[in-house]
Amino acid sequence: MCVANLSLLLCVGAALPAAPVSFDKEIRPILEAQCVKCHGTAMQMGKLDLRNRAAAIKGGEKGPAITPGNPAQSILFKRISGVEKPAMPMGGKLTDAEVNAVKMWIEQGAAWDGEIGAVVAKNPLKELEDSPLPAGAKQWWSFKVPVRPAVPAVADKAWSRNPIDAFLRKQLDSRGLTPAPAADQRTLVRRAYLDLTGLPPTPDDVRTFLTDTRPDAWSLLVDRLLESPHYGERWGRHWMDVARYADSNGYEHDFDRPNAWRYRDYVIRAFNQDIPFDRFLMEQLAGDEVDNVTYDTLTATGFLRNYAKVGFREKDNPQFRFEYLDDMIATLGRGVMGLTVHCARCHNHKFDPVLQRDYYKLQSSLNGFVEVDHPLVPKEQADAYYKQIEDVEAQQSPLKRRIAEIEDPYKLRLVGNKYKKYPQNVQEAINTPEEKRTPGQALLANQVIRTTRVSSEEVARHLKPEELAQVRKLRSEIAALDKQRPKPIPMAMGITDGDYRFTPDGAGDEPAPGKGIKQEVTEGSFLHKGPGKYIAPPSYFLYGGDMYSRGSLMKPGFVTVLTNREVPAELPPANGKTSGRRRALAEWFASPDHPLTSRVMVNRIWHHHFGRGIVPTLDNFGKTGEAPTHPELLDWLAVEFRAQGWSIKKMHRLIMNSQAYTMASAYGNEENVRKDPENAWLWRFRQQRLEAEIVRDSILATAGTLNAKMEGPPVFPKLPQETLHSMNKGIWKVQENGPQTWRRSVYVYRKRGLPFPFFEVFDLPDQTITCGRRNISTVATQALTLLNNDFVLEHSRHFADRVKKLSPQDRSEQVNLAYELALNRPPTAEEKQLAMAFLEKNTVEDFTHVLLNLSEFLYMR
């Protein structure tokens, strides 16, 4: 509720004298029914006691609950009216009449007779913490550990060689659906290249496959493409959607993340190397805790740090840390478990048997994280680098102190003048000593202090001439010392444990008070100093998700309904520098009786091959998600995935060597269409619109301009001036169009505050949250982009130049070449006739532009 609404509430009935409010008849019932359960005999959340008038006026951690005569200053009224969050009572809402009664009662002096709520039989919040699983919770299909079912027998021998086909054919036959015939060889080779590498085959690639007469030519093609370095670029991009990868923070300031790209390159390498998926998860959750820590495993921890971030210090805004933890839990829940676990932050999950306690056990497993930039050089080199920086800063420190001595008195006066422009309540919050501020005052004060700045230029206008000259001389000396700083060493954006507690060996199990850990931050690095055992910071059950409403101290743990045996929640490494909680979490995900990890991943792989998952809701295997079309097949694949060592490439081979994968997409069986119009039972291959990045990559490849250089810092394709002018914060480097920016789209800078326009129009997902399945739209702006976009027009010219270079004069051959390059097939007789007629009145460039606009170019068929 906004301030205007508060004013409206306070003005209600102001014109007429109000009748006296009866405490016993009107107020006592409200307090007894709604308030003293949490603020009475059984417990006093926030140290607030509402059993009597004196205690209510004294208030709790957030100040007085009531200020007699002044509802606007009474926290009780502000909470029940919804003006201040979290609104009260928890899990309910007072009627307008009840709210108005409380308002008038406070206005009339808050008369109070005796004490209320002397006896409360139960503690409802403690009961919430201890909630049991609902009866039969583990009976839901996805909460049962997958067991390998028997492969069904089918009459068609061609559909009995691969277990995938047998499961699918059984369902087709039972529903009277006829499978489509195999696709032609040209369609298959284009399908395989686009699916596994995200690039169309060259004419030579197509000819090689068409002339390969070996019986296993298709299998050999799949193997060859899986060994292509472009495979990792294509399939790594799928995972980056899950990991919400981006190169900037997002939100208002959208600061650059100069080392984020190293995580992107790690993912590409991991897919190319076919790192087992369980190990892949382990490295991303706990790459700093594994037995053999490498530069790659440290880089992998960028997965947890990929959250969108507000550009302010956590010290001033501790609530943001809980948002980042929530993002981690949401990403692990939806991306790895296929469950909306984050919905249990404020209460037990409304639909699935995920307890609020489970949410805070997971939060406890992650809560020790601190942001770090891991040096990717030997320790001796990193130490020397930090030492050089320390030496420079030691010399600069007295110079900076002297500047502060000169400027600070002026800054204090100037910032004080700026504070005077704010309302009285804001000024009061700023002037209240920090340790005495209420939470509301702290929030107000931090926001204003953080955003009210006095620049050096402003100060300079008020300095005395001799002071100004001295400051300029000091700044010149500082700038000279800056030139002595060493060249930056390679760093990887990631996390480790730290920040809060570090106790000497034998100091006991309780967290040490204050910041016992010695934390040194130099260029973003994090160094542990001294012997000892790392102690993770305390983590609490938070009622209503409110950071100030602490319940019990939480131990790390896992989702109850998915846990089928006791597993350790901490696996501390021998060096004692981290808690081992994240490693234990990764081990739990990969445990043999976890019912979801393998199911969710094989379903994700299936979706990207067939355009739809066996469970269509890729990140929701719960009760509000869609049911699997082929549950037995899903379980067979999940078990097989584990049996094959969690190898993603082996799953590709299994799927792509099936009859189902090689079916034609153009098959208009009317009876099939009538019985299964959505093709849910996969009686033909689904045509799939290429993702935004692959549309751009296909244009580059077809035009012959693609720069195939892999890895490295992101590139910045040229943007229209009006788009650049709309960017307020962060970066977008100016790079001219050319080979430097004509790299694969996975290397284009991912700016959260300014999505690349070409990608956005072709359904780039929200880059601030995990994405399981991209939206696919067909809108006019896509056609307009392909018709008018400068990038498309320029590469239509390059495409035309490529065609003319191969066949300078022969128009008929130019048409054949253009079709082979763009669509990997020759034109039909009708297409050839239309193309020749078109070229009589238009240029080759116009013709190549038309081909880039064809639906066939944009789809994997």
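Student: In which helix does Glu 407 have its place?

Tutor: This is a predicted model, in which local features need pLDDT of at least 70 and side-chain atom pairs count only at pLDDT 80 or more, while totals for chains, interfaces and linings use all residues. Residues are numbered from 1 along each chain as its sequence is written, and side-chain values use heavy atoms, with hydrogens and water left out. Helices are DSSP runs (H or I, at least four residues) numbered from the N terminus, and the one that holds Glu 407, spanning residues 379-419, is α18.

Student: Does Glu 407 count as buried or exposed?

Tutor: Buried means under 20% relative accessible area and exposed over 50%, with partly exposed in between, for a 1.4 Å probe and protein chains only. Because the relative accessibility of Glu 407 is 4%, the residue counts as buried.

Student: Which residues is Glu 407 in contact with, leaving aside its neighbours within four places in sequence?

Tutor: Contact means heavy atoms within 4.5 Å. With those sequence neighbours set aside, the partners of Glu 407 are Ser 456, Val 459, Val 471 and Arg 475.

Student: How are the rings of Phe 167 and Trp 636 arranged as a pair?

Tutor: Rings of Phe, Tyr and Trp (its six-membered ring) pair if their centres lie within 6.5 Å, and planes under 30 degrees apart count as stacked, over 60 as edge-to-face and the rest as tilted; by this rule the count comes to 41 aromatic pairs. For Phe 167 and Trp 636 the centres are 6.4 Å apart and the planes stand at 50°, so the pair is tilted.

Student: How many residues apart in sequence are the parts that Phe 167 and Trp 636 tie together?

Tutor: Both Phe 167 and Trp 636 are buried. Phe 167 lies in helix α7 (residues 163-174) and Trp 636 in helix α25 (residues 631-643), so the parts tied together are apart in sequence by 469 residues.

Student: What kind of aromatic pair do Tyr 266 and Phe 280 form?

Tutor: Tyr 266 and Phe 280 are both buried, and the two residues belong to one aromatic cluster whose members include Tyr 263, Phe 277 and Trp 646. Their rings are 6.0 Å centre to centre with 20° between the planes, and the pair is stacked.

Student: Across how many residues of sequence does the pair of Tyr 266 and Phe 280 tie parts together?

Tutor: Tyr 266 lies in helix α12 (residues 261-272), whereas Phe 280 lies in helix α13 (residues 277-286). The pair therefore ties together parts whose separation in sequence is 14 residues.

Conventions: Helix = DSSP H or I, 4+ residues; strand = E, 2+ residues; numbered from the N terminus.
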